[in-house]
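Thanks for coming, everyone. Please have a look at the sequence and the structure as they come up on the screen.

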Amino acid sequence: ISHEIPPQDVMAGAWVVRDAAPYFPEDTIHLVVVDPGVGTGRSAVVLESEGQIYVGPDNGIFSLITGEQEYRAYRLTDESYWRKARSRTFHGRDVFAPVAAHLANGVAPAELGDPIQELVTYRWATPIADHDGIQGWVIHIDRFGNLITNIPQEMLLEVTGGKTFKIYIGNTILKALSETFAEVEEGDPVAYIGSSGMLEVAVNKGDAGEMLSVRKGAQLSIVLQK
């Protein structure tokens, strides 16, 4: 799916796999490795969820899947499915990739280890909506510099409901939603509903994170005009 996850950014990896995996054929095996705890006591796991199979570290990388979907998970304990010579710093090669290969060859997830009931989970803050508007946060910045927030389209439409509003983000104020980047001049910021169904802010042919001086975790406010 991507080799452009920022180093050690577990939640960026969680977002990317959650956003892309549902579009793959049933029984696709997703090898997911963002693993700053490699070589420590963190578990290695395989899980099945909604027709997809995931292999990776139990470090929160599957938070957005296990938080939204039913799943079965197994801790990888049978070392016969791993590479015999193993580095303490490269489990992607020595543990996870061999396990994914065995799965592709027909080994059932339950054969790889012991059932596990709960995985390590991280959660993003939930957007706050009231009669004045919505307060949300930037949860991911993609490789184009587009700012993806935690405000879903449904909440935005419910709160704004045809009312006039302003969007405050970084050093910028936006007064409307657009449907395409090209609705604004090159170099101008634009707010829109992205492919993930979340409110996003971009700069037409530019990097919104850089040009608006915004980092992941920054606050975005939607203020209703009265």
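I will go from the overall picture to a few single residues.

One caution before we start. This is a predicted model.

Now the overview. The protein has five helices and 13 strands. Its C-alpha trace spans about 65 × 30 × 30 Å along the principal axes. There are 226 residues, and 48% of them are buried. The accessible surface comes to about 12100 Å². Carbon and sulfur atoms own 49% of that surface. Now take the contacts with a separation of 6 or more. Of these, 61% join residues 24 or more positions apart.

Next, the core. Which residues have the most contacts inside the largest nonpolar core? They are Leu 147, Ile 151, Ile 169, Val 201, Leu 220 and Ile 222. This core has 21 residues. Several elements give two or more residues to it, and helix 4, at 153–160, is one of them. The strands on that list are strand 7 (133–141), strand 8 (147–152), strand 9 (165–169), strand 12 (198–203) and strand 13 (219–224).

Stay with Val 201 for a moment. Leave out residues up to four places away in sequence. Val 201 then still touches Leu 147, Ile 169 and Leu 220, among others. Its contacts also include Asn 146, Leu 174, Val 190, Tyr 192, Ala 208 and Leu 212. Ala 191 is on the contact list as well, and Ala 191 is also the bridge partner of Val 201.

Strand 11 and strand 12 run antiparallel and share five bridges. Four residues sit between the two strands of this hairpin. Gly 197 in the hairpin has a positive phi, near 85 degrees.

Strand 11 also brings us to the aromatic rings. A search of the whole structure gives three aromatic pairs. One of them is Phe 181 with Tyr 192: the ring centres are 5.1 Å apart and the planes stand at 80 degrees, so this pair is edge-to-face. Where do the two partners sit? Phe 181 is in the loop between strand 10 (172–174) and strand 11 (189–193), while Tyr 192 is in strand 11 itself. They are eleven residues apart. Their surroundings differ in cover. Phe 181 is partly exposed at 39% relative accessibility, and Tyr 192 is buried at 7%.

Now to helix 1, residues 10–20. Is helix 1 mostly covered or mostly open? Mostly covered: ten of its eleven residues are buried. The buried ones include Met 11, Trp 15, Val 16 and Arg 18. What do the buried residues pack against? Their partners are strand 3 (52–57), helix 2 (63–66), strand 7, strand 8 and strand 12. Strands 7, 8 and 12 were also on the list for the core.

Gln 8 is exposed, at 58% relative accessibility. Ser 213 is another non-glycine residue with a positive phi, about 55 degrees. Ser 213 lies in the loop between helix 5 (208–211) and strand 13. Ser 213 is exposed, and its relative accessible area is 58%.

Take Ser 49, in strand 2, residues 44–49. Why does Ser 49 count as buried? Its relative accessible area is 2%, and the cut-off for buried is under 20%. The Ser 49 side chain makes a polar contact with the side chain of Gln 69, at 2.5 Å. The Ser 49 side chain also reaches the backbone oxygen of Glu 70, at 2.9 Å. Beyond its sequence neighbours, Ser 49 is in contact with Tyr 54, Ile 65 and Tyr 71, among others.

Pro 127 is buried, with 12% relative accessibility. Set aside residues up to four places away in sequence, and Pro 127 touches residues including Ile 134, Trp 137, Ile 151 and Met 155. Ile 151 is one we met in the core. From Pro 127 to Ile 167 is 40 residues in sequence and 14 Å in space, C-alpha to C-alpha.

That is the tour. Over to you for discussion.

Terms used:
Residues are numbered from 1 along each chain as its sequence is written. This is a predicted model: local features need pLDDT of at least 70, side-chain atom pairs count only at pLDDT 80 or more; totals for chains, interfaces and linings use all residues. Side-chain values use heavy atoms; hydrogens and water are left out. A nonpolar core is a set of buried Ala, Val, Leu, Ile, Met, Phe, Trp, Tyr and Cys residues joined through side-chain atoms within 4.5 Å. Buried means under 20% relative accessible area, exposed over 50%, partly exposed in between (1.4 Å probe, protein chains only). Contact means heavy atoms within 4.5 Å. A polar contact is a pair of N or O atoms within 3.5 Å; within protein, one must be able to donate a hydrogen and the other to accept it, and residues adjacent in sequence count only if both atoms are side-chain atoms. Rings of Phe, Tyr and Trp (its six-membered ring) pair if their centres lie within 6.5 Å; planes under 30 degrees apart count as stacked, over 60 as edge-to-face and the rest as tilted. Accessible areas come from the Shrake-Rupley method with a 1.4 Å probe; for residues, only the protein chains shown count as cover. Two strands pair if DSSP finds at least two bridges between them.
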